[in-house]
Amino acid sequence: MLKLVDLGHYIWAQRVARKISLRKLAELARLSHTEIYRLENGERKHPSPCVLKSIALALDLSYNELMKAAGYLEDSSLNEGHPQKIDCGDLSQNEIEEVEKFIEYLRYKRAKTQ
């Protein structure tokens with residue numbers, strides 16, 4: 001299984017294998033090229049499931065594999081019978097970023113209580 005530190009390299013390798021530029025991937029995924037750059041270089045550690053879904057669709061990758069690479073899923077069997085219900089296709093980039101910030105806040109809040 002891929003580890004979180006491998007997520008950026010995994011995305012980069014998939015993009016390069018498909019001969020897609022960073023900017024083209026950003027366009028296809030409806031993300032900023034800066035966001036893609038930060039993900040690939042490991043500067044962005046915890047992308048939201050919505051961001052990962054956008055990238056998976058743009059690269060024609062398995063969403064579950066990308067979720068595992070990001071550390072959200074341990075095993076694909078965990079998701080059987082419980083499909084992901086996150087659909088951010090109708091959200092703007094600003095709205096997606098707000099959701100990401102909220103997710104980061106929830107993680108921070110949980111970490112403080114543990």
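Arg-44 counts as buried in this predicted model, with a relative accessibility of 8%, and its side chain meets that of Glu-35 in a salt bridge with an N to O distance of 3.2 Å. Glu-35 is likewise buried, its relative accessible area being 8%.

| Salt bridge | N to O distance |
|---|---|
| Glu-40 and Arg-15 | 2.6 Å |
| Arg-44 and Glu-35 | 3.2 Å |
| Glu-27 and Lys-24 | 3.5 Å |

The salt bridge between Glu-40 and Arg-15, at 2.6 Å from N to O, links distant parts of the chain, since Glu-40 lies in helix H3 (residues 33-40) and Arg-15 in helix H1 (residues 7-17), 25 residues apart. Both partners fall under the 20% cut-off for burial: Glu-40 is buried because its relative accessible area is 12%, and Arg-15 is buried because its relative accessible area is 10%.

The salt bridge between Glu-27 and Lys-24, with an N to O distance of 3.5 Å, is placed within helix H2 (residues 22-29), where the two residues are three apart and therefore separated by about one helical turn. Here Glu-27 counts as exposed, because its relative accessibility of 55% is over the 50% cut-off, whereas Lys-24, with a relative accessible area of 38%, is partly exposed.

Conventions: Residues are numbered from 1 along each chain as its sequence is written. This is a predicted model: local features need pLDDT of at least 70, side-chain atom pairs count only at pLDDT 80 or more; totals for chains, interfaces and linings use all residues. Side-chain values use heavy atoms; hydrogens and water are left out. A salt bridge is a side-chain nitrogen of Lys or Arg within 4 Å of a carboxyl oxygen of Asp or Glu. Helices (H or I, at least four residues) and strands (E, at least two) are DSSP runs, numbered from the N terminus. Buried means under 20% relative accessible area, exposed over 50%, partly exposed in between (1.4 Å probe, protein chains only).
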